[in-house]
Amino acid sequence: MLSDRATSFEFVRTLVRKRSGIVLGAEKDYLIQARLTTLSRKEGFDSITELLDQTKALLDQLDEDGHHGLGEKVVDALTTNETSFFRDQHPFECLRNHVLPDLLPRRAAERSLKIWSAACSTGQEPYSVAMVLQEHFPELRDWPVQLIASDLSTKCLERARQGRYSQMEVSRGLPAPRLAKFFSRRGLDWVVHDELRRMIDFRQINLQDQDLDLALPQLDVVFLRNVLIYFDKETSQQILGRIRRVLRPDGYLFLGGAETTLFLDDAFERVPLNQASCYRLKHHSPTTPTRSIHDALS
Ligand SMILES: C[S@@+](CC[C@H](N)C(=O)[O-])C[C@H]1O[C@@H](n2cnc3c(N)ncnc32)[C@H](O)[C@@H]1O
């Protein structure tokens, strides 16, 4: 039994840290309180203490790495899933104007392009990437492009796979012509067209997984945006190390606007391209100087 609030919250902090890497300092007690109150009600418990006692009892019956639905729901409730279509805009402009025009001529012979949205939340990020590909790179329709989108959160992934968004969600980042082009109205919501949804391979991947690279191909572009901010330095370093193993030597890594590899992993260097937080591995192979993507594909 968890005797008091302090012990209960410490149990939650340890569980969330172990399962996700997310650090919940004491300043996040309000978040634990609010999110777990909602979860307790939903799961039919009278209080957070009752919910956590049951979670702990179930986890105690399992071995160290055992998973139980209730533990997963507690962790899931404490992830922050804020996102929007074309969030911050710059990374998507950079993808369109610099990254793909640089990469595609070098991938023309093998006709392969692999992109990973590594903490995709409810899917707005990978759908934004898919829209960029559809709108600006029609040549890629004949390539077996792989667009993988993953998250730790089961509830986020369910929503991402459905591709169903409220009016409020689509109004954040989607101009009317794009909405009309890629979505259909269903009741009060908007549903992404199958053509776009089929481009994305949604998977559950925990960035904490040491064998992450075994689950993924070698990637050309990785979006790891607005997730490192939830981890401590050591966890962020480990995750960047895993990203290094899956990123092709001349690939690109996008971080969130407030994130950097500086002081975390000096194998990366920032690419001085607009305001996007875009990185490459140092000593990457030189960019193809003169051929345009259209030359290379024609
Ligand atoms: C704030 S959202 C970022 C969404 C999107 N990348 C963006 O920038 O709009 C952070 C996401 O990271 C996910 N996350 C947190 N810890 C994770 C982990 N260990 N492995 C995979 N995803 C994780 C959360 O579930 C959440 O959906």
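**Exercise 1.** Which residues of H1 are buried?

*Solution.* This is a predicted model, in which local features need pLDDT of at least 70 and side-chain atom pairs count only at pLDDT 80 or more, while totals for chains, interfaces and linings use all residues. Residues are numbered from 1 along each chain as its sequence is written, and side-chain values use heavy atoms, with hydrogens and water left out. Helices are DSSP runs of H or I with at least four residues, numbered from the N terminus. Taking buried as under 20% relative accessible area (1.4 Å probe, protein chains only), we find Ser8, Phe9, Phe11, Val12, Arg13, Leu15, Val16, Arg19 and Ser20. These buried residues pack against helix H2 (29-42), helix H3 (48-60) and helix H4 (69-77), where contact means heavy atoms within 4.5 Å.

**Exercise 2.** Work out what span helix H1 should have, and compare it with the model.

*Solution.* The expected span is 1.5 Å times one less than the number of residues. Helix H1 (residues 5-20) has 16 residues and should therefore span 22 Å, which agrees with its end C-alpha atoms being 22 Å apart. Just after H1, Gly21 takes a positive phi of about 90°.

**Exercise 3.** Describe the polar contacts of the ligand, meaning pairs of N or O atoms within 3.5 Å.

*Solution.* Begin with the side chains: an N or O atom of Glu125 is 3.2 Å from a nitrogen atom of the ligand, and one of Asn206 is 2.9 Å from a ligand nitrogen atom. Turning to the backbone, an N or O atom of Leu152 lies 3.3 Å from a nitrogen atom of the ligand.

Note on methods: Helix = DSSP H or I, 4+ residues; strand = E, 2+ residues; numbered from the N terminus. Buried < 20%, exposed > 50% of the residue type's maximum accessible area, 1.4 Å probe, protein only. Polar contact = N/O pair within 3.5 Å; in protein donor to acceptor, adjacent residues only side chain to side chain.
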